[in-house]
Structure formats: C-alpha cells, structure tokens
Amino acid sequence: MATRVAKQASEHVEPEEVQLALEAILTSKHFVNARRRKKFLLLVCDFYLQGRAAELNEYVIAYDVFGRGNDYHPSSDPIVRVVAHEIRKKLEAYYQAEGAADSIRIDIPAGSYQPAFYRQPVKPDESQPPQNVSIISPPKGKRVSIAKLAPWGVVVALSVAIAGLVYVNQRLRAEAAAARAPKETGIYGELWQPFFADSAAPLVVLSNPPVLRLSNPSDPEASERQSITLTPEAVEALRGKAVMNPEIVISNAKGSLADAGSGDEKVVVRQNKTPRLILSTDVYTGMGEAIGLFRLTDLFRSTDKTFVLKQSRTVRADDLKSRNVILLGGVWVNEWSGKLPKTEDFVFTGSATVENRNVQQGEQSEYIPQFDGRTGALMVDYALVTVRPNISEQNRVMLLAGVYSQGTEAAVEYVTNHWHLSQLNQKLRQLEHTASSLPCFQALLRVEVEDGIPTTITLVALHELKRPAF
C-alpha cells in the first residue's frame with residue numbers, strides 16, 4: 001500500500017536542501033532518462049526558489065517545458081496535465097523505494113503546479129521498548145467539583161489567548177523586519193558576488209545589430225532609394241511560408257500572398273506595393289537577447305538590485321571603465337563583445353563557430369552549430385559565459401553570448417537558473433586560488449534547440465583564464 005504524506009502546508013526548506021533533494025530524484029531510475037519529467041520538475045522548483053511559484057500555470061509550463069507557442073490551448077492539448085500526473089506517480093514510487101530515507105520530500109499536489117516540500121519523519125526504532133508513561137489520577141474517594149474548576153478554566157483560556165496574541169505580534173514584527181532587510185544574495189554564489197557587492201549599478205549592454213527589414217508605406221523617400229528590391233524567388237518563398245504557416249499573411253494592393261481564410265490569421269507585413277528590404281541599424285535586438293534581458297531583470301529585482309541598460313551603439317569606452325559590465329550577444333550583434341581581449345581560450349570565428357585555442361583532454365578544436373538538413377532549422381547552438389577584468393581591471397565584465405540568438409538566451413538562463421548556477425559555482429570554487437577573488441574563466445555551453453527555443457543546456461568545458469586581460 002502506498003505511503004502518503006499528510007496534506008499539511010508546505011514547510012520552509014533552504015535552497016541547498018531543495019537542490020540536494022532534486023538531484024537525488026533526477027538521478028533516480030524514475031527520472032534519469034525521462035527528459036520531459038526532469039525539465040518539468042526543474043522548472044517548478046526553480047520558480048519556487050525564485051519566489052515565483054504562484055506564477056506557475058499550464059501556459060508557462062507548456063511554453064518553457066514543451067515548447068508550445070501562442071496557439072496553445074489546455075483544453076485541446078492536455079500535455080501539461082498528463083506529465084504532471086506522471087510525475088506525481090513517479091514521485092510516489094520513488095519515495096516508496098530509493099527515496100524512503102530522504103529527509104526532504106518534494107510533492108506536486110493535485111490541482112496545482114506549485115511544488116510543496118515536507119520533512120519526512122524519522123521512523124522510530126521498533127527494537128526499543130516504549131517508555132513508561134505515568135498517568136496521574138485524582139485520589140480515590142474524592143470528587144472534584146466542576147463549579148469550583150470553572151473560574152480557573154477561564155483564567156487558563158485567557159492566558160492562552162494572550163500568549164497567542166503575543167506570539168502573533170512577534171511573528172508579524174519579525175516578518176516586517178525581514179521584508180525591510182536587504183535581500184540575501186549569497187545563494188547566487190561566486191559568479192554574481194562582484195556584481196551585487198558593488199554599490200554602483202552594473203551596466204548591461206544590449207545588442208542592436210543591423211537588420212534588413214521589409215519596407216512599409218510610412219518609410220521616407222530617402223530610405224526607399226537605398227532599399228533592395230526582393231527577387232521574384234524571394235517573394236515566392238514568402239508566399240510559400242505564408243501558405244505553410246497561416247499566421248503569416250503578406251498583402252499588397254493586388255491582394256494577399258496568402259488566403260486570409262477564416263480571418264484569424266495575423267497580418268505581419270502589409271504592403272501597398274512590391275515588398276522591398278530596408279537596412280535598419282538602430283531598432284532591433286535578437287529574441288534571445290530580449291528574453292535574456294527579462295531573466296536578468298528578474299534576477300536583479302529578486303535581490304533588490306538594479307542595473308543601467310544601454311544599447312551597444314550608444315555605449316562609449318568611458319561607460320565601461322567605472323562599472324561592472326554585462327554584455328548580451330556575440331560579436332556579430334554587439335560591437336563591444338568583439339572588443340574583448342583576444343587572449344581567450346574560446347573565440348567566436350568569422351565562420352559562425354567557436355574555436356578552442358587551448359584544447360584539453362576530451363575537447364574539440366572547433367564547435368559547429370547543427371541544423372536540420374531538410375528545414376534549415378537550428379538544432380544545436382554553442383554559447384559562451386566569459387568573465388574577465390574590465391578596462392579598469394578593478395571591475396568585471398561578463399559576456400553572455402551564443403553563436404546565434406538562441407545560444408545567448410541559453411547563456412543567460414544558465415547564469416540565472418538556480419539549478420545550473422549552483423553547479424557552476426561549485427566548479428568555480430574548485431578553480432579559485434584565493435577565497436577573495438573570483439577567477440577569470442570561460443564556460444562553453446552546448447544548447448539543444450527545438451522550434452527556435454533553447455531546451456537542454458550542457459556545460460561542455462570550463463577554462464580558467466590565467467593570462468592578463470589587458
């Protein structure tokens with residue numbers, strides 16, 4: 001018969017306890033080869049550790065775990081509920097066997113996706129006889145009058161009520177003080193300590209690469225003169241994509257390139273003439289960079305910290321001297337990423353690969369992104385997390401960049417996700433030579449991509465950079 005935990009309120013557990021309990025579950029036979037279950041459980045626990053468990057719902061999980069898009073509807077696609085049911089069953093089976101002695105139990109109560117944590121009671125040693133219990137009885141032959149005891153009962157009840165009020169008042173005062181106190185940043189470890197400890201807000205530099213966009217009727221004549229006319233083949237390719245994907249509708253004065261059908265489709269380009277391409281140098285950033293910026297904002301907000309944000313085209317060298325700096329995006333989209341020292345072990349090449357200039361055992365000399373041969377969709381990207389001294393050598397610069405935008409998103413997720421971050425900090429502690437100094441390093445990540453969304457992130461290599469940066 002299954003042993004069930006009584007459904008009391010979830011108990012407070014420390015982040016380290018959650019990570020240890022989660023690691024034990026994910027390496028068990030019930031989860032080790034189940035990618036969907038692992039990612040599901042990692043996501044809900046990560047939201048819990050960030051204090052965002054209340055935000056969990058079917059839409060969030062469908063997007064982050066299963067790669068569903070804006071057209072996802074729980075009523076027609078029960079994938080989240082199905083896998084949640086599987087996880088509940090597997091957790092029950094795990095705690096029946098491998099996890100029977102675990103001190104912390106993780107549960108996902110039915111009707112919710114918020115994880116709950118319980119401390120499992122230690123089983124009594126049945127070989128020891130029970131201790132004698134003394135029972136005090138009133139003396140024989142004497143009866144106690146209920147009427148005489150009644151006043152004392154009132155006194156006891158009032159005393160208990162007063163003690164309860166005092167306890168509640170103290171508890172509320174403690175919670176208010178905790179809310180006013182600076183947020184604990186130690187859980188983010190060695191990697192983020194220099195950025196959180198500095199009184200000056202770090203500078204985040206967002207990529208804004210030059211992009212060829214489709215023209216629109218409001219474009220000035222000067223832009224039109226410099227535009228590029230699409231070839232008939234390119235227009236036909238757009239027509240094909242519109243037919244294959246009903247969300248894409250390109251229309252012009254002669255009618256749409258794709259039948260509007262039921263009218264539910266989104267018109268993403270509307271033309272009154274033949275589509276043309278216009279170069280834009282100051283408007284766009286990558287999707288991965290945008291999502292990465294959201295993750296950084298969430299991280300800093302959770303610790304009551306802030307940062308200064310600038311587009312790469314507006315940054316000057318002076319901006320980089322007196323602050324810690326975080327660069328989003330690689331050399332093709334963020335000009336400041338290309339100005340890092342050339343003495344690094346891992347370097348982005350002009351062939352859109354990552355070159356390894358200090359090959360160690362088990363490593364490759366070059367890491368090349370992989371694409372689907374039929375559709376051309378990106379399947380595997382590579383990304384770098386680089387931490388080095390800043391121009392002043394008194395601050396840090398952190399580069400979070402992929403070969404493609406999906407890799408950049410994955411790099412930011414890696415340094416803001418509690419699960420990945422704890423593993424990285426553990427490895428960084430092994431690199432450190434002095435307790436007060438974070439080593440300069442590069443972490444190379446392999447990023448699996450499904451439908452344009454980064455999924456599994458794997459640490460391929462971690463190199464300490466010992467040579468001077470400047």
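Modeller: One term before we start. Helices here are DSSP runs of H or I with at least four residues, numbered from the N terminus. Keep in mind, too, that this is a predicted model.

Colleague: Which helices each supply at least two residues of its lining?

Modeller: Three do: α1 (15–26), α2 (35–49) and α11 (418–431). α2 gives the most, with four residues.

Colleague: Now the pockets. What is the volume of the largest pocket?

Modeller: The largest pocket here has a volume of about 1,100 Å³. Its lining counts 41 residues. Nearest the centre of the pocket lie Lys 39, Glu 413, Asn 417, His 420 and Thr 455.

Colleague: Which elements give two or more residues to the lining of that pocket?

Modeller: α1, α2 and α11 are among them. The others are α3 (58–66), α9 (287–302), α10 (405–416) and β19 (453–464). By class, the pocket lining has 17 nonpolar, 11 polar and 13 charged residues.

Colleague: α2 keeps coming up. At what angle do the axes of α2 and α4 cross?

Modeller: Read a helix pair by its axes first, then by its contacts. The axes of α2 and α4 (residues 79–96) cross at roughly 90° and come within 10 Å. Angles of 65 to 115 degrees count as roughly perpendicular, so α2 and α4 are roughly perpendicular to each other.

Colleague: Which residues of α2 and α4 meet?

Modeller: On the α2 side, take Arg 36, Arg 37, Phe 40 and Leu 41. On the α4 side, they meet Ile 79, Val 80, Val 83, Ala 84, Glu 86, Ile 87, Lys 90 and Leu 91. This contact holds eight nonpolar and four charged residues, with no polar ones.

Colleague: And how do α3 and α4 cross?

Modeller: At roughly 80°, with axes that come within 9 Å. That makes this pair roughly perpendicular as well. α3 contributes Glu 58, Ile 61, Ala 62 and Phe 66 to the contact. α4 contributes Ile 79, Val 80, Arg 81 and Val 83. Six of these residues are nonpolar, two are charged and none is polar.

Colleague: At what angle do α10 and α11 pack?

Modeller: About 75°, and their axes are 5 Å apart. α10 and α11 are therefore roughly perpendicular to each other. Tyr 414, Val 415 and Thr 416 of α10 touch His 418, His 420, Leu 421 and Leu 424 of α11. The classes here are four nonpolar, three polar and no charged residues.

Colleague: How many aromatic pairs does a search of the whole structure find?

Modeller: A pair of aromatic rings is described by the distance of the centres and the angle of the planes. The search finds 12 pairs. One of them joins Tyr 48 and Phe 117, with 4.5 Å centre to centre and 50° between the planes. This pair is tilted. Tyr 48 sits in α2 and Phe 117 in β2 (residues 116–119), so the pair ties together parts 69 residues apart in sequence.

Colleague: Last, the backbone. Where does Asp 304 lie, and what is its phi?

Modeller: Asp 304 is in the loop between α9 and β10 (308–311). Its phi is near 60°, a positive value in a residue other than glycine. Asp 451 is another case, with a positive phi of about 55°. Look for Asp 451 in the loop between β18 (441–450) and β19.

Key
Residues are numbered from 1 along each chain as its sequence is written. This is a predicted model: local features need pLDDT of at least 70, side-chain atom pairs count only at pLDDT 80 or more; totals for chains, interfaces and linings use all residues. Side-chain values use heavy atoms; hydrogens and water are left out. Axes are lines fitted to C-alpha atoms, for helices over the stretch in contact, and angles run from 0 to 180 degrees between N-to-C directions. Angles under 35 degrees count as roughly parallel, over 145 as roughly antiparallel, 65 to 115 as roughly perpendicular and the rest as oblique. Contact means heavy atoms within 4.5 Å. Ala, Val, Leu, Ile, Met, Phe, Trp, Tyr, Cys and Pro count as nonpolar, Asp, Glu, Lys and Arg as charged, and the others, Gly among them, as polar. Rings of Phe, Tyr and Trp (its six-membered ring) pair if their centres lie within 6.5 Å; planes under 30 degrees apart count as stacked, over 60 as edge-to-face and the rest as tilted. On a 1 Å grid over the protein atoms alone, a cavity is a set of points where a 1.4 Å probe fits but cannot get out, and a pocket is an open set with protein on both sides within 12 Å along at least five of seven lines; lining residues have an atom within 4 Å of a point. Grid points are joined across faces, edges and corners, and a volume is the space filled by probe spheres set on the points.
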